[in-house]
Every structure is written in C-alpha cells, then in structure tokens.
Amino acid sequence: MTKSDLEKMIVDGEGLRLEFKHRLPESERIAREVTALANTQGGHLLIGVTDDGQPSGVKDPEEELFALNQALQQHCTPMIEWRHNLVKVSRTRTVIAIKIPISANRPHYVQKLTSRTKSVYVRFEDRSIEASQEACKLMRAYQNSDNVLIHLGDKERQLLKDLDEIGKITVRGFSKSARIHPGRASRMIIRLTRAGILDHHIDPNIDYFTAGVALSNSSTNSHSSSDP
C-alpha cells in the first residue's frame, strides 16, 4: 500500500468497514474494534490516523503491532486472521494499515479479564456495538449454509402480514403481535432470515428485519404471472 492508496482510503472518513485510531487504545477496546470488523463485513483498521482523517503516524510501528497481537491473543476467541501494511507518512512516522477479512469463524468473542464474561461486537455505521442474540445466531448459521426448509403456518403468515403493513419487524414486535414467547419469535425470524425471506439489519437500539430477496422475488413473480 502506498501513501496515495492510504489517502484515497481515508478521504471519505470512518464508516462500516473503516476505523481510525490515532494510537493503539487499551487492549480490550482494540479487541472490540477488530472483532466487530471480522464479525460484520471485514475492513481496515488504520493506526496512526486521527479522527478527522489526518495521517499523523506512529513512531514505533513494531511496538504497536506487538501490542495489538498481544491484545487479540488475550481477549479474542476464536483468534482472528489479519495482515498489515506499513505506510511511511513522514521521515519518522508510519501509519499501520490492518486488514481484517470477514471471518468464516464468526462470532468472535471479546473476553473481559476482570469478570471473565464474553461479548460479541459488530459494526454499525462508524461504531462498534454489542451484537444482539439474533445477530450472533445468524453468524453461527453462516457456517452452515445448508438449504433451510420453511413451512408457512399461521404465525409465519402473521409475520408476513406485519411486514406488509409496517415495512419492518422486530423480535419483540412479532412476539407481541403473534402472542408467542420472544424465544420462539426469535427462532422463527432466524429461520426466515436464513431462507432469504427476511433481511437482518443491525441497529444500536434494536435490530430489525425487512423483506428479503426470496420474498421480493416471490412477489415479483406473482405480479408477473398475473399480467395479461
């Protein structure tokens, strides 16, 4: 990666697949940022770039890389694949570009050393947030890409009715509408999402679901078959 490549990358600012760090933060925090990228769509972590996109660089990139590796070994499970490029931005300063691919081993957990509890993080716009139960379940389902058979019973039809009327649904809303336990509502929504009937959307307040490709195609084919 050249300095010109770096400048092109940072011109639009932080986002879903790009995170800036002026310097390496404390170990648990950087583990959240890296796992969130791996758990979502992958992307780049740039160490030595300010929040406003200035490539200030770091003095000792090898020390920063050592600290990053230690932080990930200490806090992340399973371990995350990543690689790096060093980009000189001045005689004494270097930006570290960490590339994190979307992981086939999702979800990756961040373990707190004080309480030994584990959490999963994902990206929302330019932030790393804690993942919902549904997001975690869908990450696990990503590892098993077998076809999902769906039977449309009364509850599933109620879900599609809610979706048609409101445009999006949540587990909580569907649970209330269908008068079923939230756990059952979650399982049904996960199955429909895996089948392509629903699309999952990460949100810092509450995740929601909209019509997926399979449902849209079904609706299009239905309209086409009714044309004279």
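Reader: How do the residues lining the largest pocket divide into nonpolar, polar and charged?

Author: In this predicted model, the largest pocket has a volume of about 490 Å³, and 22 residues line it, with Thr40, Arg106, Leu138, His200 and Ile202 lying nearest its centre. By class, the residues of that lining divide into ten nonpolar, seven polar and five charged.

Reader: Which element gives the most residues to the lining of the largest pocket?

Author: The elements that contribute two or more residues to this lining are β7 (118–124), α4 (133–142), α7 (182–194) and β9 (198–201). The element that gives the most, with five residues, is α4.

Reader: Which elements each supply at least two residues to the lining of the second largest pocket?

Author: The second largest pocket holds about 220 Å³ of space, and its lining has four nonpolar, four polar and four charged residues. Among the residues that line this pocket are Gln133, Arg172, Ser186 and Phe209. The elements that each supply at least two residues of the lining are α4, α6 (171–178) and α7.

Reader: Which element gives the most residues to the largest nonpolar core?

Author: This core has 21 residues, of which Ile30, Val34, Leu45, Ile47, Leu68, Ile98 and Ile100 touch the most other members. At least two residues of the core come from each of α2 (27–39), β2 (43–47), α3 (61–75) and β5 (94–100). With six residues, the element that gives the most is α2.

Reader: Which residues does isoleucine 98 touch, not counting residues up to four places away in sequence?

Author: Isoleucine 98 belongs to the largest nonpolar core, where Ile98 is one of the residues that touch the most other members. Leaving out residues up to four places away in sequence, isoleucine 98 touches Gly43, His44, Leu45, Ile47, Leu65, Leu68, Trp82, Arg83 and His84.

Terms used: Residues are numbered from 1 along each chain as its sequence is written. This is a predicted model: local features need pLDDT of at least 70, side-chain atom pairs count only at pLDDT 80 or more; totals for chains, interfaces and linings use all residues. Side-chain values use heavy atoms; hydrogens and water are left out. A nonpolar core is a set of buried Ala, Val, Leu, Ile, Met, Phe, Trp, Tyr and Cys residues joined through side-chain atoms within 4.5 Å. Buried means under 20% relative accessible area, exposed over 50%, partly exposed in between (1.4 Å probe, protein chains only). Helices (H or I, at least four residues) and strands (E, at least two) are DSSP runs, numbered from the N terminus. Contact means heavy atoms within 4.5 Å. On a 1 Å grid over the protein atoms alone, a cavity is a set of points where a 1.4 Å probe fits but cannot get out, and a pocket is an open set with protein on both sides within 12 Å along at least five of seven lines; lining residues have an atom within 4 Å of a point. Grid points are joined across faces, edges and corners, and a volume is the space filled by probe spheres set on the points. Ala, Val, Leu, Ile, Met, Phe, Trp, Tyr, Cys and Pro count as nonpolar, Asp, Glu, Lys and Arg as charged, and the others, Gly among them, as polar.
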